[in-house]
Amino acid sequence: APIAASRQQFDEIPTVVGIFSAFGLVFSVSLFAWICCQRKSSKSNKTPPYKFVHVLKGVDIYPENLNSKKKFGADDKSESKNKSSMPKNSLHLDLEKRDLNGNFPKATSKVQSTSDLENLSPKHFAERKKDSVSPDSLKSITSLSSEDKQDKLGTLFFSLEYNFEKKAFVVNIKEARGLPAMDEQSMTSDPYIKMTILPEKKHKVKTRVLRKTLDPAFDETFTFYGIPYSQIQDLTLHFMILSFDRFSRDDVIGEVLIPLAGIELSEGRLLMDREIIKRNVRKSSGRGELLISLCYQSTTNTLTVVVLKARHLPKSDVSGLSDPYVKVNLYHAKKRISKKKTHVKKCTPNAVFNELFVFDIPCEGLDDISIEFLVLDSDRGSRNEVIGQLTLGCSAEGTGGEHWREICEYPRRQIAKWHMLCDG
């Protein structure tokens, strides 16, 4: 009997263990499901509203659209005031109509009450009531607006300061307002500013490029050490406002020239603003001349090119001093196969290079060969500007074609000639 009872107890133990394990499994599964539900609910509660997410994306992608944190906060306050006066439906529609930069598009609102008519400016009233305006007044309005758009290139805001302890001249480029749109497709610009201290052009700096804005806020400070205060009066600041172009040369918006004569900086920082004007390109009768020597070796099938001199180069800078160098490109069947360049000659319109280059010709004869000479003005701050261009080859006109025919008729002879440069 005791043996049977013990066997019965051993048989009951697995059933009890199975029951407890089943209950434990059910409890753990239910606890896991409850935890997952709680996490989902907490995540949904933490998700900010649509407007806040959009502003965050704007800050990350386009930080240059915001002038400063203070202005960002001020904009939020103004928007919150507008929210109270606007219905919820219109707010929802405006948020959906935002562009990629997070800005609201300019849209004409419909006037429904007399109070709204009183608040409208005369310009808006003239635009919406064109039928009631006479043709003469309409022509004058359009002509004035077109003239203003053509003449006004914006305003540059900056500050000047001299640190007597460090003997340093400090220039802070704050912002520019009302710049013209240089990109016709997006109707915006990618502005940046190049600053040079004249007349020596030793100090050249430039700001960062701000994308897709006509009111860039740079707020960048440049400190120039080693300039005595007594020499400040002899200096001139030259600001060049440009729009960055990825696929071609940057577009010049305008310039600002500030002579420091008569400006007193001993009392502290001086805030200034100047209207941006068109670039003063000083045109000369020509683009200058270039002295080239050529020699064709038919036995080795090589072409020796010597860039000797340049003279009467135009003044491509406000200071009147250019830093020229020559770029030589060799073409075969209109495809560039080799390139060389000379050293830069500082601050001279009459440069002496005396540099020799030897090119290997891939074919017999010079029928499909041509050489292009580009005279450029070296500039550390931005892309180098082309002063003049010259092409020598069988199809070249003028002295370029004559020079080429002479070296073909008289191989192994070094022939030098002056050539007029044309616009690049």
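## Burial and overall make-up

Buried residues, meaning those under 20% relative accessible area with a 1.4 Å probe and only protein chains counted, make up 34% of the 424 residues in the protein chain. This is a predicted model, in which local features need pLDDT of at least 70 and side-chain atom pairs count only at pLDDT 80 or more, while totals for chains, interfaces and linings use all residues. Residues are numbered from 1 along each chain as its sequence is written, and side-chain values use heavy atoms, with hydrogens and water left out.

The protein chain has eight helices and 16 strands, taken as DSSP runs of H or I over at least four residues and of E over at least two, numbered from the N terminus.

## Confidence

The predictor's confidence in each residue, pLDDT, runs from 0 to 100; its mean over the protein chain is 75, and 67% of the residues reach 70 or more.

## Nonpolar cores

A nonpolar core is a set of buried Ala, Val, Leu, Ile, Met, Phe, Trp, Tyr and Cys residues joined through side-chain atoms within 4.5 Å. The largest has 32 residues, of which F169 and F239 touch the most other members; the elements giving two or more residues to this core include β1 (155–163), β2 (168–177) and β6 (236–243). A second, separate core of 30 residues includes L303, V326, F353 and F357.

Key:
Buried means under 20% relative accessible area, exposed over 50%, partly exposed in between (1.4 Å probe, protein chains only).
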